[in-house]
Amino acid sequence: MNKKINVTQVVRLNKNNNSIIRTLNNLNPLLSKKINLKILECPYDSNGFINKIKNLLWAIKIKDDLVHLTGDINYLAFSIRSPLITSILDLGMPKRYSRL
């Protein structure tokens, strides 16, 4: 029998029920049948430089067979040393800003 892999799914601090959270809430029960799924929520909002640094320091301790970053927290990839998948879902964001 094949061993289930351990996957940690990291989501941003959820202040409202955004579309990716609703989608994951529907998919995760199905995924859990095939994998050992652990869900972690970032302790800090991604607004501001200091909160991003705090999240980066928090993410250093995340270790698993596979880590899945969802939402606007892809910057955490710099801290995670486990195999990693990132989901980039919001392609509308570049239209909101006229400059970086």
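**Sheet architecture and nonpolar core of the predicted model**

Strand 1 and strand 3 (residues 66-69) run parallel and are joined by four bridges; helices (H or I, at least four residues) and strands (E, at least two) are DSSP runs, numbered from the N terminus, and two strands pair if DSSP finds at least two bridges between them. Within this pairing, Val7 stands opposite Leu66 in strand 3. The structure is a predicted model, in which local features need pLDDT of at least 70 and side-chain atom pairs count only at pLDDT 80 or more, whereas totals for chains, interfaces and linings use all residues. Residues are numbered from 1 along each chain as its sequence is written, and side-chain values use heavy atoms, with hydrogens and water left out.

Strand 1 also pairs with strand 2 (residues 36-41), in the parallel sense and over six bridges. Along this pairing, Thr8 lies opposite Lys38 of strand 2, and Val11 lies opposite Glu41 of strand 2. Five of the six residues of strand 1 (residues 6-11) are buried, so the strand is largely enclosed by the rest of the structure; buried denotes under 20% relative accessible area, exposed over 50%, and partly exposed in between (1.4 Å probe, protein chains only).

Overall, four strands form an open sheet with parallel pairing, in the order 2-1-3-4. Strand 2 and strand 4 (84-86) stand at the edges, each with a single partner strand, so one side of each is left without a neighbour in the sheet. Neighbouring strands of this sheet are turned against each other by 20 degrees on average, direction ignored; axes are lines fitted to C-alpha atoms, for helices over the stretch in contact, and angles run from 0 to 180 degrees between N-to-C directions.

The largest nonpolar core has 12 residues, including Val10, Trp58, Val67, Tyr75 and Ile80. Such a core is a set of buried Ala, Val, Leu, Ile, Met, Phe, Trp, Tyr and Cys residues joined through side-chain atoms within 4.5 Å. Helix 2 (49-59) and strand 3 are the elements that give two or more residues to this core, and the largest share, three residues, comes from helix 2. Ile80 touches Ala59, Ile62, Val67 and Leu69, not counting residues up to four places away in sequence; contact means heavy atoms within 4.5 Å.

The mean pLDDT of the chain (the predictor's confidence in each residue, from 0 to 100) is 84.
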